[in-house]
Amino acid sequence: MATEGGGKEMNEIKTQFTTREGLYKLLPHSEYSRPNRVPFNSQGSNPVRVSFVNLNDQSGNGDRLCFNVGRELYFYIYKGVRKAADLSKPIDKRIYKGTQPTCHDFNHLTATAESVSLLVGFSAGQVQLIDPIKKETSKLFNEETASSWRA
């Protein structure tokens, strides 16, 4: 604590400060624990897609969220806009090589608390059916379009 000329104490808590190494600032948990950013690519942007599904489970947290960032696909419990998801603990995370997810959507008609079907489309034309709760891959369509594609 620092004192001023009159003996007053400064009880201010700093939320940011600058040093020779750079700027340090206090971040909210949701921003601090987010997945690694995709490096900037001047050739084009990596669109982020988001899909939601409600599983109607007994716990009251039936909403699930899926989003992609570059070649990574994440699946989380969604607790609403007032409480941030714990981005350090995804239910399922997949990193793809050779191609990247460009779109995805849940099958809302067959979704249950134990299983949910997620259809993922990729930049090289493949389509994959996965279950992020069971963490398994069901089917891969158009596999012959890219021989270097792997999850």
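A nonpolar core is a set of buried Ala, Val, Leu, Ile, Met, Phe, Trp, Tyr and Cys residues whose side-chain atoms are joined within 4.5 Å, where buried means under 20% relative accessible area, exposed over 50%, and partly exposed in between (1.4 Å probe, protein chains only). The model is predicted, so that local features need pLDDT of at least 70 and side-chain atom pairs count only at pLDDT 80 or more, while totals for chains, interfaces and linings use all residues. Residues are numbered from 1 along each chain as its sequence is written, and side-chain values use heavy atoms, with hydrogens and water left out.

The largest nonpolar core holds 13 residues, of which Leu73, Phe106, Val116 and Leu118 touch the most other members. Strand S5 (72-77) and strand S8 (118-122) each supply at least two residues of this core, strands being DSSP runs (E, at least two residues) numbered from the N terminus. S8 gives the most, with three residues. A second, separate core of seven residues includes Leu65, Val69, Ala85 and Leu87.

Phe52 is found in strand S3 (residues 50-54) and counts as partly exposed because its relative accessibility is 41%.

A search of the whole structure finds one salt bridge, a term for a side-chain nitrogen of Lys or Arg within 4 Å of a carboxyl oxygen of Asp or Glu. The side chains of Asp92 and Arg94 meet in a salt bridge at 2.8 Å, N to O.

| Residue | Relative accessible area | Class |
|---|---|---|
| Asp92 | 9% | buried |
| Arg94 | 12% | buried |

Key. Helices (H or I, at least four residues) and strands (E, at least two) are DSSP runs, numbered from the N terminus.
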